[in-house]
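Please read them with the structure open.

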Amino acid sequence: MRTVVSLRAFRVCAAFALLSASLWAHAGQRVTLGVVNWIGYGPIYCAAANGYYKREGIDVRLVTFSDNSLMAGALRGGEIDASTLTYDQVITADAKGWNLKVVMPLDYSVGGDAILASAAVHEITDLKGRKVAFQPLSPSDFLLGYALAQRGLSEKDVQPVNATPEAVVAIMATGAVDAGVTYQPSVSMILSMDGGKRYHVLLSSREARGIITDVLAVRDSTIARSPELVTGLIRGTMQGLAFMRAEPAKAAAIIGKTLEISATEVQAQLQNIENPPLSHLGDVFEDTAELPSFRASGKLIGQILQREGQIHTLPAIADTYDAKFVLSLQANPGDLK
């Protein structure tokens, strides 16, 4: 997050655009889907490029935002029909009564975000009383909060140093803090300091799969009025994921063209995210306290948002999503894999 409400603004290259709301009374009607330029949305880019959404009866137009803090509001106001968001944004929106629903998870951060520490810090518990640089209300905050909570600690047990993930690199270079939390490529930059001998990964999002989750969200009214739109979006996206797995080189070319990076860079960045397959697409909806369930991540994220005054009351986690589309597809996958 680059502001107190934006989590993916740093991952965006294209200009923000708002389009008028779509009507979807007939199959094939145009649907506007809000996105940012992010490697985790590869299945969406491939689905749009290869016509998979049209195959499902919807003509999806991607609307690229330069600041995803604006996306939840655009979805609520009807400027777009569906949107990629991070799960914390859905919690924040629903705490305001905006009635947004997650209909599928898109990707998990699995190694792209990390807690880095000096040689003097061997365990998460060693952070107690030490200075830790990170940005509040960001994926870094959520990852740190998760790691501490698992050891019976909280952020009250550390000395927080407010810094953007980019600034964490410079701060750790000076040795002014004992640890820092950031994301790639800053993680690699810090690990390379002094020939790789100065800092190490204490914990990464690979050990907290699901704490940082990108999702596809729609309005309650869309689900009630046009459930076929939601089904089409999910089916088309999953076909995009199948294409990525069957034709990795072609998929990397499509994604690279969209993000304006090389195919090699695409392959490298894909190592830090996981797009869940259909068989595990419903894991976030499980009634369990274990990640990647929203009941696990939502509780922690809600506590952090409340602590920082972003929300007053945590909405019921079950009210932040609608699992029936994913569960139906899992039960009757048809040609989906």
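1. Tyr108 has Glu274 of β11 as the residue opposite. The strands concerned are β4, covering residues 100-109, and β11, which pair in the antiparallel sense over two bridges. Please keep in mind throughout that this is a predicted model.

2. The whole sheet. β4 and β11 belong to an open sheet of six strands, ordered β2-β1-β3-β10-β4-β11, and the pairing is mixed. The edge positions are taken by β2 (59-64) and β11 (273-274); each has a single partner strand, so one side of each is left without a neighbour in the sheet. Helix α4 packs on this sheet and touches β3 (82-86), β4 and β10 (213-219). The direction of α4 makes about 105 degrees with that of β3.

3. Aromatic pairs. There are five aromatic pairs in the structure. In one of them, Tyr87 and Phe294, the ring centres are 3.9 Å apart and the planes stand at 15 degrees; planes under 30 degrees apart count as stacked, so this pair is stacked. Tyr87 is in helix α4 (residues 87-95) and Phe294 in helix α12 (residues 294-307), so the pair ties together parts that are 207 residues apart in sequence. Tyr87 has a relative accessibility of 2% and counts as buried. Phe294 is likewise buried, at a relative accessible area of 0%.

4. The rings of Phe294 and Tyr321 have centres 6.1 Å apart and planes at 40 degrees, so the pair is tilted. Phe294 lies in α12, whereas Tyr321 is in the loop between α12 and α13 (324-331), so here the parts tied together are 27 residues apart in sequence. Both residues of this pair, Phe294 and Tyr321, are buried. Taken with Phe285, the residues Tyr87, Phe294 and Tyr321 are linked by ring pairs into a cluster.

5. Helix α1 and its end. Which residues of helix α1 (residues 42-50) are buried? They are Gly42, Pro43, Ile44, Tyr45, Cys46 and Ala47. Gly51 follows α1 and has a positive phi, near 80 degrees.

6. A position in helix α9. Thr231 is located in helix α9, which covers residues 227-246. Thr231 and Leu116 are 115 residues apart along the chain, and their C-alpha atoms are separated by 41 Å.

7. Overall dimensions. The protein chain contains 13 helices and eleven strands. Its radius of gyration is 20 Å, which agrees with the value near 20 Å for a compact globule with 337 residues. Along the principal axes, the C-alpha atoms fill a box of roughly 60 × 45 × 35 Å.

8. Burial, contacts and surface. Of the 337 residues, 55% count as buried. Among contacts between residues at least 6 apart in sequence, 79% join residues at least 24 apart. The protein chain exposes about 13,600 Å², and 51% of this area is supplied by carbon and sulfur atoms.

Note on methods: Residues are numbered from 1 along each chain as its sequence is written. This is a predicted model: local features need pLDDT of at least 70, side-chain atom pairs count only at pLDDT 80 or more; totals for chains, interfaces and linings use all residues. Side-chain values use heavy atoms; hydrogens and water are left out. Rings of Phe, Tyr and Trp (its six-membered ring) pair if their centres lie within 6.5 Å; planes under 30 degrees apart count as stacked, over 60 as edge-to-face and the rest as tilted. Helices (H or I, at least four residues) and strands (E, at least two) are DSSP runs, numbered from the N terminus. Buried means under 20% relative accessible area, exposed over 50%, partly exposed in between (1.4 Å probe, protein chains only). Two strands pair if DSSP finds at least two bridges between them. Contact means heavy atoms within 4.5 Å. Axes are lines fitted to C-alpha atoms, for helices over the stretch in contact, and angles run from 0 to 180 degrees between N-to-C directions. The radius of gyration is taken over C-alpha atoms; the globule rule is 2.2 Å times the number of residues to the power 0.38. Accessible areas come from the Shrake-Rupley method with a 1.4 Å probe; for residues, only the protein chains shown count as cover.
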